[in-house]
Amino acid sequence: MSSIAHDETVSSKGILSGPIELRDLPDWFRDQQHAAWEKFESIPRPTRKDQPWRFSNVDLLDLAPFKFSPALSDDDRANVLKYSRGLDRFAGRLIFAGDQLIERNVVSDDLKKRGVIFQPLERAMIEHADLFRKHFMSQPAVLGSAKFAALHKALVSNGTFLFVPRGVEIEQPIEIFHWLRGEGVSVFPHLLLITDELAKVTVVEHFRSCDARATGFACGVNDLIAGPGAKVTYVCAQNWGENVVALQMNTTTVDHDASAMSLNLNLGSKYSRFESLSRLVGEGGRSDLLAVAVATNEQEFDARTLQDHISPRTASDLLYKNALDDRARCTFGGLIRVEPHAHFTDAYQKVRNLLLSDDSEANSMPGLEILADNVRCTHGATSGQINEDEMFYLHSRGIPTKVAQRLIVTGFLNDVIQRLDQPSIADYLRGLIDQKFARSR
Amino acid sequence: MKTENKAVDINRSIGDFHYKVDYAKDAGSGLSEKTIHYISDAKEDPDWVREFRLRGLKTFLEKPLPTHWASKDLEAIDFDKIRYYLASGDAAKRTWEEVPEDIKRTFERLGIPEQERKFLAGVEAQFDSEAVYSNIKKAVGEQGVIFVGSTEGLKNHPDIFRKWFGKVIPIADNKFSALNAAVFSGGSFIYVPPGVKVKHPLQAYFRINAENFGQFERTLIIADEGSEVTYMEGCTAPKFETTTLHSAVVELVALKGAKIQYITVQNWSANVFNLVTKRGLAHEDAEIKWIDCNIGSRLTMKYPGVVLKGRKARGEVLSIALANNGQHQDTGAKMIHAADETTSNIISKSISIGTGRATYRGLVHVPKHLKNCKNNTECDALLINSTSRTDTYPAITVRGTGNAVQHEASVSQVSAEQIFYMQQRGLTEAQAMSLSVNGFVNDLVRQFPMEYSVELKRLIELEMEGSVG
């Protein structure tokens, strides 16, 4: 396994010192990193006055304390491996900790023979340079985090490359783990997923911390490309430690007759911003954007989305649900944009907040920008609390308040998870939600 | 339905006229401390007003244009070319007979027949920046209602006026409220004493009638405990080559149990920048309702708001916007909940025709530890042509349990089946379209006072002319 030269002098450096010189990287990639670093430095830090950062706690984005991940010892690696338990069955699996590859379970020989490529990014940029260069961060970050996308581009050192060729359907999900290990450490996860015509794949990403209390910074970017008629499902189980600041910028490109579905489960971190851009570039494309968040203590979840209908006859459907307790805050800023001539667009957007405490706060900014006339676009946003009648019903059946509340919240969120239509993944996600409830009570 | 409908320019010749008026007082174009002193001298302002104006000017010059979220079209305003104060010199008139003949002619063209006064409780007609004619029906005056121009209000009723003036909308609220603070003239001051219910709506017509001349009225309405009043504001403006700026500030104060209804039909000509700040303060059990209809102007930015300060206060914004070729109607509503059991309702309907763009911007704020606050927001947009555009940008903040907020918006096109059905019954496509659009806004229009809803329907028909086919 080709690993990265993580010697101690490099790893103790702060991330604001710029790209580290890694061996084995192609020159073009190195140049790209340096250009991105210049861009990162030239863009000012966001302020709350910037419209895409309205309501966000931008003070948390001070990156000075964060450093590159140190090289992991064999013990660390064994430990990470031991705890990397996700789904019972998977078609392939990559495990990263501190951006270092810990384990690789390759896809079956049959899939390999049919052309499936599943490998770490650092290899793909050499072995599949053309595909890589064509799709790697090919879309600008338009949802506010251009600065952090540039940072990612400058500092990304590893990640996943997955290519599913024409007509190949991978039945079991592909699993990817990203671990943060150590205090004040940063990671830059990346997933480059390219599906060719009529291909089908499901990817589940797990974001976790080894130490639940350690501070850390995660800055991830995903490029998800659904080729013509392809079917792509992406699930993100975000469960970083409680003092982690996380930014994730995902771009999904949906070609004609393709369908993409994404589900983001937000449980961990102190502040997590999730930007999802869904580009519908071909007729008949469909994109489903789902998200579930359980926010407790002083957690802040910040979701920004754009359903960009570029081509006529496309559909998108967004459903985000947040359950907020304690002093937690959730912000949703979403936009449906129908470009000129993107007629026969059918777009929907719905965000629902369930407030469980007096100090929780929900901000919703559902937006529409419609530049074509033959469309059907609707959005809705609601914020409310648990229905008293439902509580009364459960009380009268002898169920204590806390349990009743949990049941109702689970039911509220479940309706999103069920939309995945993949029972084993849904069970797994429900398990994570239950664990969070168990921790916070 | 066909998607490539071509939008045809509508006939704007109605209201498109200009009488020559000699201005006795003219502050010239451009804005500086000198301008402020000229206005203050001309209006014989008390010292505190002069200071207020100077503070406004300072804030205006300091604040940047809000182009980080608003339309870049604002940059087209050349503040140095605008004349900030013009007046024909006469004091506000008391009776119709005293109104100069040519000005009367202007009003006639606007469609304000003299006999209408008999129905209306009073007409405060603003001709350019000074109230030329002001008349309250005897009955209203006898009830103790004060209905005068803002200049007269601040001079003759300083104790009531000063208490609330600039309190609902502070100078520094935004760049244009600061501009208004600096150069305001005209507008109305209304005070309704406790328990008085003004039966007939009070009405004012505003007009811009000098090229490059912005109008900066300042209206303050105070409804004392348990009183009720309806105010109507309607405007048409003649068409000119260069841009005109209109930047009003309207403050409403509804004391305990009072009700204020403020109705606007805005139909400025398509070269006017209409940048207006409107806000009401609703005390306990009070109700403030904004009915806002925007048809004209090049760019309108207007977000009527209600600060729900007292328990059980209610706020409502009903708004209709029609954006035709070259127009941008950037309207919306703000509801700030600041007490328990407050409720607010926003219903917004917009129609975009040709290259018109209609934008809804909303703000709903429910801070923590409030109980049983409710907000309902509904925004519906109708797109007529393939080049039409509509946007919706709400921002909703809710803290704590015990409150319910819902927002819903939809964008659609006139249904092809509806048009087909009507064409089957012998209507032309254009007639069918016009009927359909009127149906779309009908449930809102019905809430308008009768004479306004008739006028509105006619205006919509006019705007729809030539938009299809």
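Let's start with chain B: its secondary structure comes to eleven helices and 23 strands. Helices (H or I, at least four residues) and strands (E, at least two) are DSSP runs, numbered from the N terminus. A word on the source: this is a predicted model, where local features need pLDDT of at least 70, side-chain atom pairs count only at pLDDT 80 or more, and totals for chains, interfaces and linings use all residues. Residues are numbered from 1 along each chain as its sequence is written, while chains are lettered from A and ligands numbered from 1 in the order in which they are written.

Stay with chain B. It has 469 residues, and 54% of them count as buried. Buried means that 20 or more other C-beta atoms lie within 10 Å of the residue's own; exposed means 12 or fewer; partly exposed is in between, and C-beta atoms are placed from the backbone. Next, contacts. Two residues are in contact if their C-beta atoms, placed from the backbone, lie within 7 Å. Take the contacts in chain B between residues at least 6 apart in sequence: 83% of these join residues at least 24 apart.

Now one strand, E22 of chain B, residues 389–399. Is E22(B) buried or exposed? Eleven of its eleven residues are buried, so the strand is largely enclosed by the rest of the structure. Look at the two faces. B:Arg389, B:Asp391, B:Tyr393, B:Ala395, B:Thr397 and B:Arg399 point one way. B:Thr390, B:Thr392, B:Pro394, B:Ile396 and B:Val398 point the other way.

What does E22(B) pair with? Two strands pair if DSSP finds at least two bridges between them. Within chain B, strand E20 (residues 357–366) pairs with E22(B) in the parallel sense, over ten bridges. In that pairing, B:His365 has B:Thr397 as its bridge partner. E22(B) also reaches across to chain A: seven bridges join it to E19(A), and those two run antiparallel. There, A:Glu369 stands opposite B:Asp391, and A:Leu368 stands opposite B:Thr392.

That takes us to the contact between the chains. Chain A gives 35 residues and chain B gives 34. On the side of chain A, strands E18 (345–355), E19 (361–370) and E20 (375–384) each give two or more residues. By class, that side has twelve nonpolar, 16 polar and seven charged residues. For the classes: Ala, Val, Leu, Ile, Met, Phe, Trp, Tyr, Cys and Pro count as nonpolar, Asp, Glu, Lys and Arg as charged, and the others, Gly among them, as polar.

Domains next. Their bounds come from an automatic or database domain assignment. Chain B has domain 1 (25–414) and domain 2 (415–469). Between them, 21 residues of domain 1 are in contact with 19 residues of domain 2. On the domain 1 side, strands E12 (259–267), E14 (287–294), E17 (314–323) and E19 of chain B each supply at least two residues. That side divides into 16 nonpolar, four polar and one charged.

Chain A is divided into domain 1 (8–282) and domain 2 (386–441). Their C-alpha centres lie 30 Å apart. Here twelve residues of domain 1 are in contact with eight residues of domain 2. Which element gives the largest share of the domain 1 side? E10(A) does, with three residues. The domain 1 side divides into eight nonpolar, three polar and one charged.

Now a helix pair in chain B. The axes of H2 (residues 47–62) and H8 (residues 175–183) come within 7 Å and cross at roughly 150°. Axes are lines fitted to C-alpha atoms, for helices over the stretch in contact, and angles run from 0 to 180 degrees between N-to-C directions. Among the residues that make this contact are B:Phe52, B:Leu57 and B:Phe60 of H2(B), and B:Ala178 and B:Leu179 of H8(B). The contact residues divide into seven nonpolar, two polar and three charged.

Most residues other than glycine have a negative phi. A:Asn297 has a positive phi of about 50°. It is found in the loop between strands E14 (286–295) and E15 (300–309) of chain A. A:Asn297 is exposed, with 11 other C-beta atoms within 10 Å. In chain B, B:Glu341 has a positive phi of about 55°. Its place is in the loop between strands E18 (328–337) and E19 (343–352) of chain B. B:Glu341 is partly exposed, with 19 other C-beta atoms within 10 Å.
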